[in-house]
Amino acid sequence: PTTVAVLAEDLAAVLGVGVALLALIWTNYTSNPVFDAIGSIVVGSLLAGVAVYLILNNRSYLLGRSMNRQSLNRVLDTLWKDPVVKG
């Protein structure tokens, strides 16, 4: 899940920079600030889309079912054997 999140965020960042660059070039070339506004809306929509994707993708990790009892006991045993945890 972490790799997917980092990849999605980085992809959105790179695409956002590309869209912003194109919007600024078109604004400068045409002297029409509408292209800058459109670019801002596109970048915002792109970031919102990635956020929704990550929310839907990671929701099950927060709201899903819990570990089975055997796995939970194994994790707890490992933690209690660590002297730092007992500290």
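**View 1. G44 in helix α2.** G44 is partly exposed, with a relative accessible area of 36%. The model shown here and in the other views is a predicted one. G44 belongs to helix α2. Along the chain, G44 and E9 are 35 residues apart. Their C-alpha atoms are separated by 13 Å.

View 2. In soluble globular proteins, nonpolar side chains tend to be buried together. With residues up to four places away in sequence not counted, L54 touches A5, A8 and E9.

**View 3. Helix α1 and its buried residues.** The residues of α1 that are buried are A5, A8, A12, G16, A23 and T27. These buried residues pack against α2.

**View 4. A51 in helix α2.** A51 is found in helix α2. Is A51 buried, partly exposed or exposed? A51 counts as partly exposed, because its relative accessibility is 35%, and this class lies between the limits of 20% and 50%. A51 and A12 lie 39 residues apart along the chain, and their C-alpha atoms are separated by 9.9 Å.

**View 5. W26 in helix α1.** W26 lies in helix α1 and, at 46% relative accessibility, counts as partly exposed. Which residues does W26 contact, leaving aside its neighbours within four places in sequence? The contacts are with S31 and F35. W26 and E9 are 17 residues apart in sequence. From C-alpha to C-alpha, W26 and E9 are 26 Å apart in space.

**View 6. S31 in the loop between α1 and α2.** S31 lies in the loop that runs between these two helices, just after α1. The phi of S31 is near 55°, a positive value in a residue other than glycine. S31 counts as exposed because its relative accessibility is 64%, and the limit for this class is over 50%. S31 is one of the residues in contact with W26.

**View 7. A nonpolar patch on the surface.** The patch is formed by M67, V75, L76, L79, W80 and V85. Together these residues have about 530 Å² of accessible area. Helix α3 (residues 69–81) supplies the largest share of the patch, four residues. W80, one of the patch residues, is found in helix α3. W80 is classed as exposed because its relative accessible area is 51%, and exposed means over 50%.

How values were computed:
Residues are numbered from 1 along each chain as its sequence is written. This is a predicted model: local features need pLDDT of at least 70, side-chain atom pairs count only at pLDDT 80 or more; totals for chains, interfaces and linings use all residues. Side-chain values use heavy atoms; hydrogens and water are left out. Contact means heavy atoms within 4.5 Å. Patches are made of residues with over 30% relative accessible area and no salt bridge: like charges are joined within 9 Å, nonpolar side chains (Val, Leu, Ile, Met, Phe, Trp, Tyr) within 5 Å. Accessible areas come from the Shrake-Rupley method with a 1.4 Å probe; for residues, only the protein chains shown count as cover. A salt bridge is a side-chain nitrogen of Lys or Arg within 4 Å of a carboxyl oxygen of Asp or Glu. Buried means under 20% relative accessible area, exposed over 50%, partly exposed in between (1.4 Å probe, protein chains only).
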